[in-house]
Amino acid sequence: MTEKLAIHGGPKTKETPFGTGKRFGEEELQQLREALEQDTLFYHYGEKVKRFLKKFNGMYGVRHSVAVSSGTAAIHVALGAAGITAGDEVITSPITDQGTVIGILYQNAIPVFADVLPDTYNLDPVSVEARITKRTKAIVVVHLAGNPCDMDAIMGIAHKHSLKVIEDCAQSYLSEYKGKLVGTIGDYGCFSTNDFKHISTGDGGMVTINSADEEDYVIAHAFADKNYQRIGTKVARDIHHLAPNYRMTELQGAVGIAQLDKLAGICNKRKEYGAMLTEGLAGFRCLFPPAVTEGATSTYWFYLFRLNTHLLNANVDEFVSALNAEGIPCIRGYIPQPVYLQPMFQKKEAYPGTNYPFSLSDVSYEQGICPNAEEILQTSVRIGISEFYTEGDIRDMIDAIRKVAAFYQKEEGN
Ligand SMILES: *Cc1c(COP(=O)(O)O)cnc(C)c1O
């Protein structure tokens with residue numbers, strides 16, 4: 001017997017409001033006051049960005065990182081520091097934020113999309129290796145929604161073909177892969193503190209520099225600051241190549257110091273809630289919870305599960321509408337379509353009126369190049385996770401999803 005769905009006039013599963021809370025409090029205010037009292041908001045003169053990075057480096061066990069103005073900037077800085085330049089190809093994931101590809105194109109390099117795995121939604125190492133050409137210089141891995149990529153395989157490929165590895169950790173704070181934090185495994189790790197991420201400074205980002213060579217830090221630091229070298233007291237303005245200004249201000253650094261104190265708690269709650277959902281959704285043929293990569297932990301920036309529509313008497317949009325009616329906010333997919341299906345890639349026109357830099361490569365952005373990515377975005381349901389939710393909220397979500405799945409799942413053998 002299945003229960004009558006709310007969408008058909010039955011009782012709604014979630015009657016109580018979801019847990020909420022405030023992300024910013026007295027701690028941030030105190031830090032901001034101190035920042036303003038310095039009478040400078042410039043990172044090089046003040047102490048807040050420096051302290052923010054010191055604290056972040058301590059949490060991550062890295063020697064150096066650079067503070068920047070966004071996650072997009074972080075990835076651009078890593079690419080610039082890695083020496084990515086006009087005509088290079090950079091392999092990345094088609095299921096990601098636009099910020100992953102912006103820096104590639106601003107370096108006049110060419111994004112090449114490899115397919116993802118159907119259960120983790122992260123880059124498939126086999127597809128990555130198949131996309132390597134003589135132009136390939138780097139891989140930007142995206143640890144999607146808190147779930148680490150298969151980094152052993154990625155690093156193995158990178159070493160074999162002498163490629164740089166940049167980790168996009170914008171959605172994956174404190175996620176571990178085989179005992180290491182993501183962002184410390186590749187050459188560079190890139191983080192975002194935009195207002196939607198685990199922690200927020202309004203906008204902002206960080207780049208870890210994981211090589212033992214001090215010079216790599218100097219190069220990355222300069223690339224975020226017009227290629228001015230402002231380390232210690234000396235400033236060098238001896239410009240050899242183009243670099244943007246992506247500096248973080250003292251106000252962002254100040255908020256970041258207070259936010260870092262909350263990060264472990266936020267990640268632990270999300271980890272717990274994601275695991276609860278996966279356990280709670282077991283047992284349906286029509287429904288697949290996201291797989292966490294072997295040897296890894298996920299800190300769930302969001303929760304994306306898949307439906308096997310062949311086993312359902314509903315399409316994904318009907319499933320989503322039924323869940324919404326039960327009181328569970330959710331949407332189909334994460335982004336509407338894989339990044340390469342955007343008009344910009346279809347027309348190969350990043351800069352209006354020219355096909356450069358795409359014209360330097362014979363890369364393909366045809367529909368069908370990443371079948372798993374295309375199918376995932378068509379057949380998945382995304383529900384938000386918040387550290388402010390209660391365990392009761394998660395149980396209600398599970399009950400609602402199970403109720404809707406039980407109603408629409410076809411009888412065995414059909
Ligand atoms: C948010 C995000 C970015 C970009 O970060 P911004 O701070 O918004 O520029 C890049 N990659 C991924 C995977 C993201 O989620």
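**Notebook: salt bridges, ligand shell and selected residues**

I looked up glutamate 214 and found it partly exposed, with a relative accessible area of 37%. I use buried for under 20% relative accessible area, exposed for over 50% and partly exposed for values in between, with a 1.4 Å probe and protein chains only. The model is predicted, and local features need pLDDT of at least 70, side-chain atom pairs count only at pLDDT 80 or more, and totals for chains, interfaces and linings use all residues. Residues are numbered from 1 along each chain as its sequence is written, and side-chain values use heavy atoms, with hydrogens and water left out.

**Entry 1. Salt bridges**

I searched the whole structure and found 20 salt bridges, each being a side-chain nitrogen of Lys or Arg within 4 Å of a carboxyl oxygen of Asp or Glu. Glutamate 214 pairs in this way with arginine 63, at 3.2 Å from N to O. Glutamate 214 belongs to helix α7 (residues 214-223) and arginine 63 to the loop between α2 and β1 (64-68), so this pair ties together parts 151 residues apart in sequence. Helices (H or I, at least four residues) and strands (E, at least two) are DSSP runs, numbered from the N terminus. Arginine 63 is exposed, at 52% relative accessible area.

I then examined the salt bridge between glutamate 412 and arginine 285, at 3.7 Å from N to O. Glutamate 412 is in the segment after α12 (391-408) and arginine 285 in the loop between α8 (250-280) and β12 (287-288), so the pair ties together parts 127 residues apart in sequence. Glutamate 412 counts as exposed at 65% relative accessibility, whereas arginine 285 counts as partly exposed at 26%.

Within helix α12, arginine 395 and glutamate 391 lie four residues apart, about one turn of the helix. Their side chains meet in a salt bridge of 3.8 Å, N to O. I also noted a network of salt bridges that links Lys14, Asp393 and Asp396.

**Entry 2. The ligand**

Which residues are closest to the ligand? I found Gly71, Thr72, Asp168, Ser192 and Lys197 to be the closest of the 14 residues that surround the ligand; a residue is counted if one of its heavy atoms lies within 4 Å. The shell divides into three nonpolar, eight polar and three charged residues. Helix α3 (residues 71-81) gives the most to this shell, with three residues.

I recorded a polar backbone atom of glycine 71 at 2.7 Å from an oxygen atom of the ligand. A polar side-chain atom of lysine 197 is 3.1 Å from a ligand oxygen, and one of threonine 100 is 3.4 Å from a ligand nitrogen. The protein buries 93% of the 380 Å² that the ligand exposes when taken alone.

**Entry 3. Two loop residues**

Is threonine 201 buried or exposed? I found threonine 201 buried, at 10% relative accessible area, in the loop between β8 (188-192) and β9 (205-209). A polar atom of the threonine 201 side chain lies 2.7 Å from the backbone oxygen of aspartate 203.

Histidine 310, in the loop between β13 (302-307) and α9 (316-325), is exposed, with a relative accessible area of 65%. Histidine 310 and cysteine 286 are 24 residues apart in sequence, and their C-alpha atoms are 7.9 Å apart in space.

Notes
A polar contact is a pair of N or O atoms within 3.5 Å; within protein, one must be able to donate a hydrogen and the other to accept it, and residues adjacent in sequence count only if both atoms are side-chain atoms. Accessible areas come from the Shrake-Rupley method with a 1.4 Å probe; for residues, only the protein chains shown count as cover. Ala, Val, Leu, Ile, Met, Phe, Trp, Tyr, Cys and Pro count as nonpolar, Asp, Glu, Lys and Arg as charged, and the others, Gly among them, as polar.
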